[in-house]
Amino acid sequence: MRAVIHASAGIVMLAALAAPLPALACTLNVVSSGTLRNSLDNTVLGSQVNGNTPATVNILLSLLEGPTITVDPPTLVQSPGGYNAGLETRAVSYTAAGLGLFPGASQPYTSSSTSFSTGVLGAVTLTMTLHNRVSNASGFPPGTYTTRTIVTCHP
């Protein structure tokens with residue numbers, strides 16, 4: 001199952017993937033794709049800059065054996081001509097919360113793929129809030145920027 005939100009200028013695109021799992025172990029639903037904004041000094045573009053507009057994903061776990069959720073760092077999939085990506089760093093942060101035995105998960109900004117185990121759960125919905133950030137000392141020329149973060153559910 002794949003859900004991709006196509007967005008306009010400055011929106012965080014979130015691709016949610018559910019790996020082939022037995023008996024619909026995991027369903028991912030993109031609730032909100034989020035928005036990117038520039039910092040006042042024009043060196044950071046992110047969903048926690050000048051306002052809090054994260055991406056939100058609901059994850060329905062339907063098996064008693066909880067899968068693992070992996071979150072990849074964002075990729076910059078759209079930028080205007082003249083943008084110099086040479087000095088950029090891309091990072092993602094997230095929190096996940098739910099009911100039942102799942103204690104929650106929290107990840108500060110990272111440029112690496114990270115994972116967390118959902119444990120032993122059944123018919124539980126987790127809500128993930130994701131923030132993307134692109135930093136670049138060269139700045140961001142005017143135009144449209146779009147990032148994509150991939151969230152994967154797997155055994």
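Reader: What makes C26 count as buried or exposed?

Author: The model is a predicted one, and in it C26 has a relative accessibility of 6%. Because buried means under 20% relative accessible area, C26 counts as buried.

Reader: How do you know that C26 and C153 form a disulfide?

Author: The sulfur atoms of C26 and C153 are 2.2 Å apart, and a pair of cysteine sulfur atoms within 2.5 Å is taken as a disulfide, so the pair meets the rule. By this rule the count comes to one disulfide. C26 lies in strand β3 (residues 26-32) and C153 in strand β13 (residues 146-154), so the link ties together parts that are 127 residues apart in sequence. C153 has a relative accessibility of 0% and therefore counts as buried.

Reader: What is the handedness of the link of C26 and C153?

Author: The link of C26 and C153 is right-handed, with 120° about the S-S bond.

Reader: Why is I150 called partly exposed?

Author: I150, which lies in strand β13, has a relative accessibility of 25%.

Reader: Why is T56 called buried?

Author: The relative accessible area of T56 is 17%, and since the cut-off for buried is under 20%, T56 is buried. T56 is found in strand β6 (residues 55-61), and, leaving aside neighbours within four places in sequence, T56 is in contact with N29, V30, V31, S32, T127 and M128.

Reader: What makes β6 mostly covered?

Author: Five of the seven residues of β6 are buried.

Reader: Which residues touch the most other members of the largest nonpolar core?

Author: That core has 20 residues, of which I59, I69, V71, F116, M128 and L130 touch the most other members. The elements that give two or more residues to this core are β3, β6, β7 (68-71), β9 (89-98), β12 (124-135) and β13. Another core, of six residues, lies apart from it and has L36, L45, V134 and Y145 among its members. In soluble globular proteins, nonpolar side chains tend to be buried together.

Reader: What makes the phi of N42 worth a remark?

Author: Most residues other than glycine have a negative phi. The phi of N42 is near 60°, a positive value in a residue other than glycine. N42 has its place in the loop between β4 (37-38) and β5 (44-46), and at 26% relative accessibility N42 counts as partly exposed. N50, which is not a glycine either, has a positive phi of about 50°; N50 lies in the loop between β5 and β6 and is partly exposed, with a relative accessible area of 46%.

Reader: How many helices and strands does the chain have, and what part of the chain is buried?

Author: The secondary structure comes to zero helices and 13 strands. Of the 155 residues of the chain, 44% count as buried. Among contacts with a separation of 6 or more, 69% are accounted for by residues 24 or more positions apart.

Reader: Where is confidence lowest, and where is it highest?

Author: Confidence is lowest in strand β1 (residues 2-4), at a mean pLDDT of 31, and highest in strand β10 (residues 105-110), at 96. The chain averages a pLDDT of 82, and 77% of the residues score at least 70. Over residues 1-21 pLDDT stays under 50, and for these residues the model has 75 contacts beyond four places in sequence. Where pLDDT is low, the predicted coordinates should not be read in detail.

Note on methods
Residues numbered from 1 in each chain as written. Predicted model: local features only at pLDDT ≥ 70, side-chain atom pairs only at ≥ 80, totals over all residues. Heavy atoms only, no water. Helix = DSSP H or I, 4+ residues; strand = E, 2+ residues; numbered from the N terminus. Buried < 20%, exposed > 50% of the residue type's maximum accessible area, 1.4 Å probe, protein only. Contact = heavy atoms within 4.5 Å. Core = buried A, V, L, I, M, F, W, Y, C linked by side-chain atoms within 4.5 Å. pLDDT = per-residue confidence, 0-100.
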